[in-house]
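User: I'm new to reading protein models, and I'd like to know where the words come from. Can you take me through this one by asking what each label rests on?

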Amino acid sequence: MYYWNRDNFEGLKAVGDKYSALEGYELFGKYCLQKEQGLKKQANATLNEFVTRCKNQSLAEQRMIAVELLSLGYWNREIHQLLAYPVIAFLKELLAQWVVEEPNHSIPHRWLGYINEDITSYEKALELDPTDEISLTQVVISYLKSVDFQAHHLSESILLGDMICTGQPKLDTFT
């Protein structure tokens, strides 16, 4: 039926089945099942209801929900419809507030790095917690991608960037 997007739909079904049975996540599970079935309008309404319920929770519970959902999204990237816009907007706002309130806590920095695709947030998380494997992995991947980009014209004797890899490539050295 959906062979072209199989991982996404099978993932939505599996997550939906699991989270429908978890207290506090029933609406999120229902969203996943509706999305898997192609019920977009109903799924969006359910997701909006879930976000509204999350916002009515205590700050500590909201943070636990954020960590759960972001971890779920990070480890299940093949399910590209898992974290839709209403959830992402809620999570970004919550994480930004968390960073302001607890700037020396690595967890909100890590997840801001993930949700914003921001290497500086991962680096900050790693600075605060050198054992953070997710942040370390993402920083290493970012640097390797930078080196790959800088070196992809070496066969033409062109190096994009500096000889010392210090983050993002400098395009003004292209000659």
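User: Why are H4 and H5 called oblique to each other?

Analyst: Helix H4 and helix H5 (residues 85-101) pack at an angle of about 120°, with axes 10 Å apart. Axes here are lines fitted to C-alpha atoms over the stretch in contact, and angles run from 0 to 180 degrees between N-to-C directions. Under 35 degrees is roughly parallel, over 145 roughly antiparallel, 65 to 115 roughly perpendicular, and the rest oblique. The angle of about 120° falls in "the rest", so H4 and H5 are oblique.

By the way, this is a predicted model, where local features need pLDDT of at least 70 and side-chain atom pairs count only at 80 or more, while totals for chains, interfaces and linings use all residues. Residues are numbered from 1 along each chain as its sequence is written, and side-chain values use heavy atoms, leaving out hydrogens and water.

User: Which residues of H4 and H5 make the contact?

Analyst: Contact means heavy atoms within 4.5 Å. Among those on H4 are Leu-59, Ala-66 and Leu-70, and H5 brings residues including Phe-90, Leu-94 and Trp-98. The contact has 11 nonpolar, two polar and two charged residues. For the classes, Ala, Val, Leu, Ile, Met, Phe, Trp, Tyr, Cys and Pro are nonpolar, Asp, Glu, Lys and Arg are charged, and the others, Gly among them, are polar.

User: What makes H4 oblique to H6?

Analyst: H4 (residues 59-75) and H6 (residues 106-116) pack at about 45°, with their axes 11 Å apart. That angle makes H4 oblique to H6. H4 passes H6 in a left-handed crossing, a term for the near helix being turned anticlockwise from the far one by less than a right angle (clockwise would be right-handed). Residues meeting there include Val-67 and Tyr-74 in H4, and Trp-111 and Ile-115 in H6. By class, this contact has seven nonpolar, two polar and no charged residues.

User: How is H2 oriented relative to H3, and why?

Analyst: H2 (residues 26-36) and H3 (residues 40-55) pack at about 165°, with axes 8 Å apart. That angle makes H2 roughly antiparallel to H3. Among the residues in the contact are Phe-28 and Tyr-31 of H2, and Leu-47 and Phe-50 of H3. The classes come to six nonpolar, four polar and five charged.

User: How many helices and strands are there?

Analyst: Eight helices and zero strands. Both are DSSP runs numbered from the N terminus: helices are H or I with at least four residues, strands E with at least two.

User: Is Glu-117 buried or exposed, and how do you know?

Analyst: Buried means under 20% relative accessible area, exposed over 50%, and partly exposed in between (1.4 Å probe, protein chains only). Glu-117 has 74%, so it counts as exposed. Glu-117 lies in the loop between H6 and H7, and its phi is near 50°, a positive value in a residue other than glycine. Most residues other than glycine have a negative phi.

User: What does Ile-141 count as?

Analyst: Partly exposed, because its relative accessibility is 33%. Ile-141 lies in helix H8 (residues 133-151).

User: Where do the buried residues of H7 fall?

Analyst: In H7 (residues 119-128), Ile-119, Ser-121, Tyr-122, Ala-125 and Leu-126 are buried. Seen down the axis, they fall within an arc of 160°, so they line one face of the helix. The arc is taken from the directions from the helix axis to the C-beta atoms.
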